Amino acid sequence: MTDIELVKGCLSGNREVQKALFDCYAGKMMAVCLRYTENREEAEDVLQEGFIKVFEKIYQWEGSGSLGGWIRTIMINTALTFLRSRKKTNGHTDLDYAEELNAGEISALDRLSAEELMELIDRMPPGYKSVFNLFAIEGYGHKEIAEMMGISESTSKTQYLKAKGWLKKALENIEKDVGEYRSTY
Amino acid sequence: MNTDQHIKNLFSAKLKETEVGVPDHLWVGIESRLPLVGGVPAATAVAKLGIVKWVAVLLAAVSTIGGGIYLLSNKENTVNISQNAESTASKHSEKASLLNQATNTLSSPVAITQSPGSAAVTNETENSPVVSNRFVSSEGEVQSAPEENDAIQNGNSSAVISYHENSHEGEKEFENTRESSFKSERNNPSAPVTEPPSTQALTASFKEIAVDRENLCWFFIPAADSDASFEWTISDGSVYSDLSPRHTFSAEGEYKVALSVTDRVGNTKFYEKSISVYRPGKLVIVNSFSPGSNGKNDVVDFLAQSRNIKGLNSLLVLDSQGNTMYKSETSAVWNGENPFGEIAPAGSYRYLISVTDINGQKMEKAGALQLFRE
């Protein structure tokens, strides 16, 4: 079914088409939700909220951009709203250093599979996870991120720097793990 | 290329299109919060497509008897509905589920005719300025082909049927795009590994990862030094000399994957293991049957059309009142009889089935089933 057919069916309230749209995009959107939230339960809640919004607002889809992109935007905004409402109080460990990743570390990142990168982001502290996701994966600029998250542009930049610092640290640990894994054989 | 651009490219290339398995119960949760089939979205669609007011009036007339009575008896809901278009959508879904509970119908034909009508009734009586506004403004933005209007004017039933057919085609299409979940990966430990002898420094061992079970795409990662040379032989005839090959099998089955590692001085180590390559299970369940003995759809076999299911864990069929009609942990076949051995009345029944698929993954599905009397 094409995007247009999916939207038409959803507009008429056809349950089977709604399910087809869900089946088509749920896998990708679940991956998006998992990246913003802290655990699977939260991601599932956000996914459900997001799809309900999608079905309620499907008549707003312009038909010009991709349906997937439109659904993704709704999903990201739902996740951000969720994170704001949760008001996480347990303070994340602030890193003092914000060193740039070096070439060796970048190529170490390059060697990681999608699954491993996903797990890495999963472990990233909530403080900079959203900014990192929006900047590095969705491709938003710091100005847009500041607007979406209701923070200042400089905060967005600082959070991104911290995320990179955290990645640097995490990569060291991964190298150690890989070393141990290989040495067990 | 600067570091940030590199990070962007790297992460978005690997993660932007990633898919993760989604358990069936999530859809069930969403579905329970959506308006009934042919419900409010249809009314919105009608407005969007610029169908004239009389359609709404007609629908209202059709269902005044059913939905109208309920609405009038629930003033609070009626008021809520007459807000702006966006918030009405969510209120409607609440109302629709209330309506559902109140009438105790599970998407039966009665419920289908009630819902659009009730929405129209409300708009007509409580907030006609808004309605006319929406109709007028939407006239301008009609981008619909004539067939869309036809589908709606011909009534809900014909529209539903045509989409029904589409969605079956669609299902096949989407089947191929679903990817295996990381979760299932973790829950499905690899085939037993025979420990390679550790007396020598050179080792040949690997782990396998299903990158995309649906498309039989697997990834093999060696647990050995990378300055040796690698030769992978898969029992379907494929040979690779990469460090970590990615292989797509052409058919499901049991395969042997062999790795031979040769170091610079010519020492060779060999390692082989069997892997089971199967697509994830898929539950496909009919949506109607007619118990009896005329030889056509007399029983429902919940697993007959399903794929790669190893076994049934449990099956529960409930009537619209929530009474248990059928419950089994051994047989996925229901003959349409209630626990007293009488054929159940025609109507809609809910089921909840739990199975284990061929990869050992537990799967659940809930849905509705229409029972017709011969």
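These legends describe close-up views of a predicted model.

**View 1. Packing of helices α2(A) and α3(A).** Helix α2 of chain A spans residues 15-36, and helix α3 of chain A spans residues 40-57. The two pack at an angle of about 140°. Their axes lie 10 Å apart. Angles over 145 degrees would count as roughly antiparallel; α2(A) and α3(A) are therefore oblique to each other. Their crossing is right-handed.

**View 2. Residues at the contact of α2(A) with α3(A).** From α2(A), the contributors include Leu21(A), Phe22(A), Tyr25(A), Met29(A), Met30(A) and Cys33(A). From α3(A), they include Arg40(A), Glu44(A), Val46(A), Leu47(A), Phe51(A) and Phe55(A). By class, this contact has 14 nonpolar, 1 polar and 2 charged residues.

**View 3. Strand β13(B) and its pairing with β10(B).** Strand β13 of chain B covers residues 347-357. This strand is mostly covered, with 9 of its 11 residues buried. Strand β10 of chain B, residues 309-318, pairs with β13(B) in the antiparallel sense. The pairing extends over 8 bridges. Ile309(B) stands opposite Asp357(B) in β13(B).

View 4. Strand β14 of chain B, residues 362-371, runs antiparallel to β13(B). 10 bridges join the two strands. Arg350(B) stands opposite Ala368(B) in β14(B). β13(B) and β14(B) form a hairpin, with 4 residues between them. In the turn, Gly360(B) has a positive phi of about 85°.

Terms used:
Residues numbered from 1 in each chain as written. Chains lettered and ligands numbered in written order. Predicted model: local features only at pLDDT ≥ 70, side-chain atom pairs only at ≥ 80, totals over all residues. Heavy atoms only, no water. Axes fitted to C-alpha atoms, helices over the stretch in contact; angles between N-to-C directions. Parallel < 35°, antiparallel > 145°, perpendicular 65-115°, else oblique. Left-handed = near helix turned anticlockwise from the far one by under 90°. Contact = heavy atoms within 4.5 Å. Nonpolar A, V, L, I, M, F, W, Y, C, P; charged D, E, K, R; others polar. Buried < 20%, exposed > 50% of the residue type's maximum accessible area, 1.4 Å probe, protein only. Pairing = 2+ DSSP bridges.
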